[in-house]
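Have the picture open while you read.

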Amino acid sequence: MRPSFADLEAQCHSLASKLTLPLLLKRNADEYADAPALTAGDTTLTWTRLRERTAALSRGLGSLGLRRGERMMIMMSSRPEHWLIDYAAVHLGAISCTAYQTLSVEQIGYVAKQSQARIVVLEGAIEVARWQPVLESLDALRHVIVVDASASPSGDARFISFAEVEAKGRALHQEDASVFEDGWKRIRPEDPIAMMYTSGTTGDPKGVVLSHRNAFYEAIAVDAVVPTPMRSTSIAYLPLAHIAERELGLYRSLYKALHVYVCSDPAGVMPLLAKARPPAFFGVPRVWEKLAAGLKAKLDAMEPERRTPVLAAHAALQEVFRMEGSGREVPPELTRKAAEAEAQVLKPLRAALGLDALTWASSGSAPIPVEVLEFLGGFGFKVLEVWGMSETTGCATINTPEDFRVGSVGRPIPGLQLRLAADGEIFVRGPVLFMGYLSADGQIVSAVDADGWLATGDIGSVDAEGYLTITDRKKELLITSSGKNIAPSKIEGMLRAHPLVGQAIAIGDNLPYVTALISLDADAAPVWAKAHKLDASSLEALTHAPAIRAELEALVASINVRLSRAEQVKRFDVVAENWSPVTGELTPSLKLKRRVILQQYAARISAFYEGA
């Protein structure tokens, strides 16, 4: 019998109090020397090679003047150089911070100034071009390291290539290895390991500083509840500015000596899954929504004789998933029927996708429609929601394959305490809480109260079994002019469950009723249109197609019957624009920038309420 979360807490504390990133990298290089650590394309780094290159880059960064406690900004895609330079800075006691590649020039200037970064590491010409307008305003900046040396502007002494830094550091390390080996031993679990900026949905981003203890307590606690085999495979595809990928790709991989397959383009995730076959996979809701849409399209394209057994198998497993997810006991006959369907029909289908080894599939960062979870559950994918934030080093509550409730985000991980305020706001306390926010003068300012509680800004409820359900962000609740409190994310999630819908925003704050704007899915909408013999040449054309409008009207009608009268969407419109971080409607972590969208579509929104 697996120990309870409470029983695991002491074990997690004991182990986390001894671990640092350099210590784990040394362990892996010693114990798993020739085992693969990182694979990108046809290139693989073993643990020995990863540590050798980390040592060289650490000495190289030191020669450029990077010191303990100073900040280093990184802007590049997921590629081995990111792991190397990040780990190298940590060995010096410096604080690395990854900036989303989608940041505007103005946003780059803000985070670069606020962090007082001494060194900036950029990938290539695109990143250099976007940083150049702000470089002269960065008084603290000493050097800009560029991975693609050809992208460095000529005549600027601050620019140096990644290869030069590594080569210089390698020579220094060969002359005297003790500088590196003695230096990292001074790093303690309570020291900073990294910083990341919040998405800034309600104001300027804030620099969240994490410690080694935060990072590895999180890895230890999650693994204690949902174990992953040592030296198994993992896929890193999210930006390393995202807390989920930073925790999973940079820190958990060290703790479990995982073989990480690096995917720089999220579009390549599915083919890489078929190759890596990881036992665990985290996806933001959009990843799972797209998988569900793809499976629906495959079902629709099947010949009836093939589709019929798949639908029967899907119905059996979906019923099991629903019963387990509501805490009900599954009847023996249904268990037998589902097991047969699993073995004969669904496992081969999952194998074709590379997901047959998956034992823990998780979703987080934003709400996911229950309909998507249940649909995937029918194919044997138990996609279970987790909840957390940068300030909690990622996952704070978790559903496990053995204990989960569909629609909830699970129960607190070992060692984390949770309570609700009178208005439903969630407060948390425990070892994964961050060190504090970085202030402009370089100080780390705590954000917890006198008793150690952090106000998360999320609103939720806890059932009798301790499962947490998130209802909305405190600052995003809509209060209609009649005083009704509406959770927009609930409505938006229902809309996004349809494959035609890429993004949706519910509107109604200080207004008489709820309305919505819908942005079509740039990938799925043309496929749907072709299947229905529509002109799919542009999203603009599709927004005016009567068949699209009729389908979305049916969608709105179907969700309205599941909503209270105050929550129901009275009017909606379809926009031609594909909302994204690049165009400004979404944050880098794909959350809605409500203020931006409301301003951008002010005229359309006003028309919703004419005569009201």
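This is a predicted model: local features need pLDDT of at least 70, side-chain atom pairs count only at pLDDT 80 or more; totals for chains, interfaces and linings use all residues.

Let's start with helix H4, which covers residues 80-91: its 12 residues reach 17 Å from the first C-alpha to the last, close to the 16 Å expected at 1.5 Å a residue.

So is H4 buried or exposed? Of its 12 residues, 12 are buried, so the helix is largely enclosed by the rest of the structure. After H4 comes glycine 93, which has a positive phi, near 85°.

## Helix H12

Next up is helix H12, residues 285-301. With 17 residues, H12 reaches 24 Å between its first and last C-alphas, close to the expected 24 Å.

Which residues of H12 are buried? They are Pro285, Arg286, Trp288, Glu289, Leu291, Ala292, Ala293, Leu295 and Leu299.

## Where H13 meets H14

Now look at helix H13 (residues 304-325) and helix H14 (residues 332-353), whose axes come within 9 Å and cross at roughly 135°. That angle makes H13 oblique to H14. Their crossing is left-handed.

Who touches whom? On the H13 side, the contact residues include Val310, Ala313, Leu317 and Met323, while those on the H14 side include Leu334, Ala338, Ala341 and Val345. Sort the residues of this H13 and H14 contact by type and you get 12 nonpolar, one polar and three charged.

Methods: Residues are numbered from 1 along each chain as its sequence is written. Side-chain values use heavy atoms; hydrogens and water are left out. Helices (H or I, at least four residues) and strands (E, at least two) are DSSP runs, numbered from the N terminus. The expected span of a helix is 1.5 Å times one less than its number of residues. Buried means under 20% relative accessible area, exposed over 50%, partly exposed in between (1.4 Å probe, protein chains only). Axes are lines fitted to C-alpha atoms, for helices over the stretch in contact, and angles run from 0 to 180 degrees between N-to-C directions. Angles under 35 degrees count as roughly parallel, over 145 as roughly antiparallel, 65 to 115 as roughly perpendicular and the rest as oblique. A crossing is left-handed if the near helix is turned anticlockwise from the far one by less than a right angle, and right-handed if clockwise. Contact means heavy atoms within 4.5 Å. Ala, Val, Leu, Ile, Met, Phe, Trp, Tyr, Cys and Pro count as nonpolar, Asp, Glu, Lys and Arg as charged, and the others, Gly among them, as polar.
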